[in-house]
Amino acid sequence: MVINEALSTIVKSVIDRQLGSSIAHLESYLFTFVQPQASEQLNAIKTDYQLMSSYWQQGYDDDQRQKLYDQLLRRMYVLTMNIGIRYSIRQSAFLTGIHSRARLSRKEWSAAALRRDLVDYVSDVALLELEPEHTRRQHRQVIYAQHQQMMEALFDYIWTSRLWTDGVTDAFEEMLLTPTIDSADQQLMVSAITLSLLNYFGINKFRLLINVYRQSADERVRQRALVGWAFCLNADVARLYPEMNDMVRDVLSDDLCLNELAELQMQVFYCLQAENDNRIIQSEIMPELMKSGNLRVTRNGIEEVDDDTMEDVLHPELSEQRMEKLEASMKRMADMQRQGSDIYFGGFSQMKRFPFFQTVANWFVPFYLEHPAVEGITDGVRGRKFLLSLLKTGPFCDSDKYSFLLGYQAAVSRIPESLLEMMDRGEAVLVGSEIDTSELQTPAFLRRSYLQNLYRFFRVYPQRSEFVNPFDTTAAHPRYLFFANSLLQQTRAEEKLGEVSAFLLKNHAYHAAMMTLQNYREEVRDAQFYLLNGTVLSRTHTEQNAGLTVAGSYARLLELDPQNERGWAGYARAMFDSGDYQTALAYYRRLTERHPDRRNYLLNEAVCLTKLNEYGEALKLLYRLNYEAPDDANVTRVLAWTLVGDAKYDAASKFYQALLSSDTVLSDDLLNYGYCLWFSRSITAAAGMFRRYASQPGVSFSAMGEFFGPEHDFICRHGVSDVEIRLMVDLLEY
């Protein structure tokens with residue numbers, strides 16, 4: 001749903017506590033877009049506001065004035081959001097159809113009637129076992145078909161509903177917590193509430209999800225509720241509803257809830273990597289699997305390639321090598337899944353074009369074989385044993401199970417006979433499906449499976465633009481990154497900020513890590529915060545984050561932990577980048593004293609010495625390093641440049657020639673060798689090297705800017721006059 005600009009402005013005024021302004025603007029809006037019922041509600045708010053203002057103008061004291069003002073603001077918020085929902089529905093043919101069909105599908109939408117029907121369904125299914133076999137199946141089909149039709153209507157009714165009153169919320173909360181209603185129905189209702197809440201925030205629906213998460217005895221319902229309220233955290237609206245802070249603080253006071261929220265944040269990140277993981281699978285793993293498995297893909301499906309018996313005779317080792325590659329590819333895919341990757345997204349996202357997925361509720365309905373859209377597919381089908389085993393124990397989300405079953409029905413005729421025979425015997429195995437069945441009911445697996453349902457919906461569903469996408473990484477305040485939400489401040493979630501930030505940093509999600517670190521309040525910043533902040537700034541070459549520079553972050557870290565090695569290294573690098581080579585040298589020397597054989601620390605110490613023109617000291621270190629690691633190109637590179645600085649051009653030239661004859665030539669090698677040749681008076685060769693450097697991809701070279709810029713003093717120290725510099729500039733540019 002999309003709220004129009006005028007209503008968005010009014011909502012912002014309400015949140016900013018500008019009651020008079022918001023009343024005036026909404027009144028003007030309703031003159032243009034007439035809604036009699038809304039106008040009546042607005043007039044009631046306006047009358048109460050004017051009465052309060054009149055008493056205030058007459059000088060009366062009222063200790064309830066603040067409370068009344070807050071209540072009026074909340075009434076304005078609810079009214080404006082409900083007008084927005086109505087506007088969205090009227091502006092979209094898709095939403096109009098959904099809204100109308102749901103409300104016309106049954107006459108009685110009271111909570112009591114809904115509860116009665118949901119409870120009766122459970123009783124009807126239980127009583128099926130008492131019926132004779134010859135009537136049971138037909139009766140079962142009728143019961144499931146009618147119930148699925150009702151649940152689809154209820155799902156649409158909920159997610160297109162207006163903001164709920166206390167009474168409606170309490171009734172639905174009771175339905176979601178009672179054990180006499182089927183778990184699948186409760187899960188589906190939680191998903192509908194989440195979609196509704198994502199589009200238009202209402203405090204009562206948020207409170208419901210929090211309460212269901214805390215109180216439900218059904219783990220599947222709990223995990224869906226957790227995902228729902230985490231994605232719907234709204235710090236802006238919390239200014240109107242301060243009790244939201246109390247709700248979040250209370251729920252996170254429990255160790256289990258705290259740990260599950262942190263785990264959820266990390267699992268969401270793996271969802272966001274699904275498309276990148278799919279590229280790896282398609283470009284690197286699957287070609288190897290197809291090649292090593294003697295299979296090929298044709299327009300008629302997958303076909304076997306006949307074994308080359310002569311190859312087995314002439315090259316028996318090739319078969320073994322193929323098997324090793326096949327096993328390695330399968331292991332790589334299984335490892336990706338174990339780490340949390342959504343390895344099936346790419347394949348199953350292409351299988352969402354069945355009519356089944358035109359119904360919004362079907363993207364979220366828990367998998368069951370009695371669903372009217374798939375009922376009977378497994379009866380008598382080839383590979384049934386394999387199929388049922390995979391659907392029961394496979395590590396797939398509900399949406400993918402439906403895709404697999406529907407896709408299998410369409411493709412079974414094109415599966416090779418030998419593979420069908422293996423499937424009939426239950427011997428076939430799908431890559432990545434080997435999972436301990438005990439994991440399938442763990443909170444972590446249930447949560448991951450549900451996240452994958454959501455991710456597929458928001459990435460693939462044709463009408464997804466009608467919904468607010470919690471996985472949108474372009475949003476200024478992305479919903480998926482709830483650990484960056486200020487509502488988690490002053491809660492126990494602050495205990496997990498470091499863990500979550502470190503996870504994001506480790507997985508190269510630098511922007512997300514920076515936003516999460518910004519949620520650290522200054523009074524709780526610890527050594528880990530300063531280390532992570534300094535690291536993410538240095539990795540991204542960003543000037544500031546959370547009000548700190550790279551150097552400032554590491555300096556604060558060393559104040560708290562003076563012996564922190566990573567702090568020494570980070571601070572040394574920051575000082576080097578800022579041109580404070582003396583301080584950088586001091587910290588690199590601390591590091592080399594503690595680790596005398598750590599080559600990178602010694603190399604950085606040598607570079608600092610060259611920057612301070614202490615070439616003799618630098619060469620002592622570099623000759624030693626070159627002796628110990630003659631093939632280390634970085635050592636060779638620094639040694640060559642130090643020799644140039646020490647005016648030992650012939651010796652430097654030998655090292656540059658070695659670097660330029662290697663497989664990996666850096667553009668800076670060409671530039672620096674050009675200086676070496678110039679200083680040794682090989683002018684033509686130097687100019688050729690500078691031209692070669694300027695032609696490298698990604699290099700932007702200005703002779704004037706280079707020679708009269710930061711390197712000017714260095715050039716002059718090697719006996720090159722300004723006239724000679726200008727001659728070189730002219731030679732290169734004209």
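**Ground rules.** I call a residue buried under 20% relative accessible area, exposed over 50% and partly exposed in between, with a 1.4 Å probe and protein chains only. I am working on a predicted model, where local features need pLDDT of at least 70, side-chain atom pairs count only at pLDDT 80 or more, and totals for chains, interfaces and linings use all residues. Residues are numbered from 1 along each chain as its sequence is written, and side-chain values use heavy atoms, with hydrogens and water left out.

**Entry: salt bridges.** I took a salt bridge as a side-chain nitrogen of Lys or Arg within 4 Å of a carboxyl oxygen of Asp or Glu. My count came to 38 salt bridges.

I opened Glu133 and found it exposed, at 57% relative accessible area. Its side chain meets that of Arg136 in a salt bridge, 3.2 Å from N to O. Arg136 is buried, at 18%. Both residues belong to helix H7 (residues 133-159), three residues apart, about one turn of the helix. For helices I used DSSP runs of H or I with at least four residues, and for strands runs of E with at least two, numbered from the N terminus.

Next I looked up Arg222 and Glu219, whose side chains form a salt bridge at 2.5 Å, N to O. They sit three residues apart in helix H11 (residues 219-231), so about one helical turn separates them. Arg222 is buried at 8% relative accessibility, while Glu219 is partly exposed at 27%.

Which residue does Arg521 meet in a salt bridge? I found Glu523, with 2.7 Å from N to O. Arg521 is buried at 16% and Glu523 is exposed at 60%. I also noted a network of salt bridges that links Lys12, Asp16 and Arg239.

**Entry: aromatic pairs.** I paired rings of Phe, Tyr and Trp (its six-membered ring) with centres within 6.5 Å; planes under 30 degrees apart are stacked, over 60 edge-to-face, and the rest tilted. The whole structure gave me 57 aromatic pairs. In one of them, the ring centres of Phe457 and Phe467 lie 5.1 Å apart with planes at 75 degrees, so I logged the pair as edge-to-face. Phe457 is in helix H21 (residues 443-460) and Phe467 in the loop between H21 and helix H22 (497-506), so the pair ties together parts ten residues apart in sequence. Phe457 is buried at 0%, and Phe467 is buried at 6%.

**Entry: charges over rings.** My rule was NZ of Lys or CZ of Arg within 6 Å of the ring centre and within 35 degrees of the ring normal. The charged end of Arg106 sits over the ring of Trp109, 5.4 Å from its centre. Lys205 lies over the face of Trp164, 5.0 Å from the ring centre.
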